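User: I'm new to this and would like to learn how to read where two chains meet. Could you walk me through it?

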Amino acid sequence: MDEDAHVTDANQLAELLLKHLRQELTPEEQKKLDNWISEHPTHKQIFDRINSEEQLLNDLQLLNQVNLDAWWQKISRQAIPATPKPPLVKRLIFWIVLFIVLVMIILLTARQ
Amino acid sequence: MKQQFPDKVLLSEFKKGSSHAFKAVYNLYFPSLCFFAKRLVDNDAEGEDIAADSFIKLLNRHEFFDTLPNMKAFLYITTRNACLNYLRFMQKQVTTKKDLALLQSGADEHVLSHMVHAEVLREVEHEIEQLPQRCKEIFKLIYYERKSADEIAKQLDISINTVWVQRAKAIQLIRTNLLKKGLLSTLMLFFTMNNGFKM
């Protein structure tokens with residue numbers, strides 16, 4: 001499952017990094033994190049970025065730079081179909097049919 | 001105001017297609033998804049477009065998701081694939097050195113790094129979101145909106161001196177240790193004591 005490998009790893013590593021920030025890593029976890037950091041220069045970059053408070057605050061600012069309201073309008077317009085009420089006639093027919101069926105059932109059971 | 005649901009309720013409402021549940025999941029994941037996409041394609045507008053498309057796909061399949069981690073995985077995977085497609089497409093148009101490097105060597109590491117980064121930020125943001133309203137407001141004005149003491153004092157109708165004192169202390173606290181457990185509650189306590197804010 002190569003598809004999910006990224007997400008699984010990302011979840012675990014994010015967890016390790018958060019524990020690192022809170023200084024809650026066990027020696028074993030610390031080892032895992034160290035291994036990951038030394039695996040690739042981009043890993044180290046992210047680690048440094050999270051460790052610098054100035055950079056962390058900058059990145060949080062970037063995280064919040066999205067216009068959430070505007071995007072929500074666009075997304076909900078495209079993804080949530082408006083569900084209009086069925087017209088009055090249709091609703092009336094539904095109730096009338098239901099009524100007739102119920103009356104028939106009552107009559108049929110009464111006869112027996 | 002962000003919608004607050006217990007996870008179970010949120011999931012069942014989401015499956016039913018409730019727009020409130022959609023919005024709650026949106027608030028939960030959209031900022032970090034955008035951050036991830038923007039960093040990966042190195043283009044803000046394109047990244048936000050891609051993240052929005054992924055989100056529409058999630059909502060269109062709302063009845064198929066049973067857990068929040070499933071939704072998150074779907075969002076990241078869909079976004080990652082779209083970003084890589086976009087980079088491949090761009091590579092054919094104009095070959096920029098950076099994109100080429102990303103695609104040829106270490107695409108996996110880049111994807112993973114940005115995903116991890118986005119997730120860490122989402123969690124930190126979540127912690128900040130847990131702060132009481134007033135405390136969060138001041139924190140965000142100072143650090144996200146980079147407002148001056150004057151502006152904050154006017155906006156919140158408190159004295160400039162109070163803002164200065166708070167800011168100095170907040171900066172000090174954040175410098176020493178932003179995320180050590182308990183710091184945010186210290187910050188909170190400090191805001192409470194200094195202002196008598198009703199939390």
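This is a predicted model: local features need pLDDT of at least 70, side-chain atom pairs count only at pLDDT 80 or more; totals for chains, interfaces and linings use all residues.

User: How many residues of chain B are in contact with chain A?

Analyst: Two residues are in contact if their C-beta atoms, placed from the backbone, lie within 7 Å. Here, 42 residues of chain B touch 40 residues of chain A.

User: Which element gives the most to that side of chain B?

Analyst: Helices are DSSP runs (H or I, at least four residues), numbered from the N terminus. In this case α6(B) gives the most, with 14 residues.

User: At what angle do α4 of chain A and α6 of chain B pack?

Analyst: Axes are lines fitted to C-alpha atoms, for helices over the stretch in contact, and angles run from 0 to 180 degrees between N-to-C directions. Helix α4 (residues 53–63) of chain A packs against α6 (residues 107–129) of chain B at about 90°, with their axes 10 Å apart. So α4(A) is roughly perpendicular to α6(B), a label for angles of 65 to 115 degrees. A:Asp59, A:Leu60 and A:Leu63 of α4(A) make the contact with B:Leu121, B:Val124 and B:Glu125 of α6(B).

User: What domains does chain A have?

Analyst: Domain bounds come from an automatic or database domain assignment. For chain A they give domain 1 (2–81) and domain 2 (84–112), and the centres of these domains, taken over C-alpha atoms, are 57 Å apart.

Methods. Residues are numbered from 1 along each chain as its sequence is written. Chains are lettered from A and ligands numbered from 1 in the order in which they are written. Helices (H or I, at least four residues) and strands (E, at least two) are DSSP runs, numbered from the N terminus. Angles under 35 degrees count as roughly parallel, over 145 as roughly antiparallel, 65 to 115 as roughly perpendicular and the rest as oblique.
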